[in-house]
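Q: Could we go through a model step by step, so that I learn how to read its features?

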Amino acid sequence: MLGFSLFISAAAFADAQSKNERAPIRFLLTFDDGPSGATKRNPTKKILDVLANNPIQPEIKAIFFVQTRAKRGGGTEVGRLLLKREQDEGHLLAFHTATPHHSNHRKLPPEQFEQSLRFGVTDMIEATGVPPTLVRPPFWNYDARTLAEYHRNGLQMLLTDLSANDGVIWGVNWSWHKHSNLLKQLTAAREKWLEGKLPIVDGETPIVVTFHDVNTYTARTIEVYLKILLQVANELDMPVANKAFYDSRDGLERAAKARVVIDADVNAKLPGIWNWIWH
Ligand SMILES: [Zn+2]
């Protein structure tokens, strides 16, 4: 019994010691699938308003993985104006698709896939003045071929640590499990953080979090999500940076670049059911 409690104390001590050696975490917010082309109650617009002005941390900057030619989104006049607004307000725009729909890059005919990357780069230069440097694959699906093609087009691929799992709407657009879902995922990230497996950038450990800005529920609830992120970090005894969320485009880009997938042979952990579907 004594041996057992000594073992527990040693483990707790090691945990406390490695926790103290770890750099504080900082939440790197990312939004996929936008912009929305809605003319009323536009969710992308709502999210931009909240990021700019909220009681938790004003002027939060995020990465938007955009669909530049989506039929009801980036391909509309409303959508194009929102891309410009995201850029003007200091967010980082990154590539998701340049097809009319949310196409799986692995399933597009290769020529069409390659052409869509060229379209995407051109569209984004038009919106921001610079080519995109980051990509997130639709449905989190990639392989050695699609990853190599991203790299040929100057795009580095970013996945995620935490996902609100708000991309697919399963019947009722309501998440009952926001807190438990994020707690569970941050618990998994915490293991890697304690083991020193998460890169440190500018003295902080970026934790990538994914939402979908075309989801009206997410738009209505985004402030609650920000609070929950701080709450679960506190519950898991993970110190957060002075500013818990990123506040500059350069900072976002440096942090994201430290987390990109270099090698398609390494099976990265995907959020939600996607790991089970693709691996
Ligand atoms: Zn997507």
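Q: Which residues does Asn 42 touch, not counting residues up to four places away in sequence?
A: In this predicted model, where contact means heavy atoms within 4.5 Å, Asn 42 touches Ser 36, Gly 37, Val 78 and Leu 82 once residues up to four places away in sequence are set aside. For one of these, Ser 36, there is also a polar pairing, as its backbone oxygen lies 3.0 Å from a polar atom of the Asn 42 side chain.

Q: Is Asn 42 buried or exposed?
A: Buried means under 20% relative accessible area, and Asn 42, with a relative accessibility of 8%, therefore counts as buried. Its place is the loop between strand 1 and helix 2.

Q: Which protein donors does the zinc ion have, and how are they spaced along the chain?
A: The zinc ion has as its protein donors Asp 33 through OD, and His 96 and His 102 through NE2, at 2.0 to 2.1 Å. Along the chain, the donors follow the spacing D-x62-H-x5-H. Because Asp 33 belongs to the loop between strand 1 (25-32) and helix 2 (43-52), whereas His 96 belongs to strand 3 (residues 92-97), the pair ties together parts that are 63 residues apart in sequence. Asp 33 and His 96 are both buried.

Q: Which residues form the nonpolar patch on the surface?
A: The patch is formed by Ile 273, Trp 276 and Ile 277, which together have about 350 Å² of accessible area. Ile 277, found in helix 9 (residues 274-278), has a relative accessible area of 36% and so is partly exposed.

Key. Residues numbered from 1 in each chain as written. Predicted model: local features only at pLDDT ≥ 70, side-chain atom pairs only at ≥ 80, totals over all residues. Heavy atoms only, no water. Donors = N, O, S within 2.8 Å, 3.2 Å for Na, K, Ca; no water. Helix = DSSP H or I, 4+ residues; strand = E, 2+ residues; numbered from the N terminus. Buried < 20%, exposed > 50% of the residue type's maximum accessible area, 1.4 Å probe, protein only. Polar contact = N/O pair within 3.5 Å; in protein donor to acceptor, adjacent residues only side chain to side chain. Patch = residues over 30% accessible without salt bridge, like charges linked within 9 Å, V, L, I, M, F, W, Y side chains within 5 Å. Areas by Shrake-Rupley, 256 points an atom, 1.4 Å probe, with all protein chains shown as cover. Salt bridge = Lys/Arg side-chain N within 4 Å of Asp/Glu carboxyl O.
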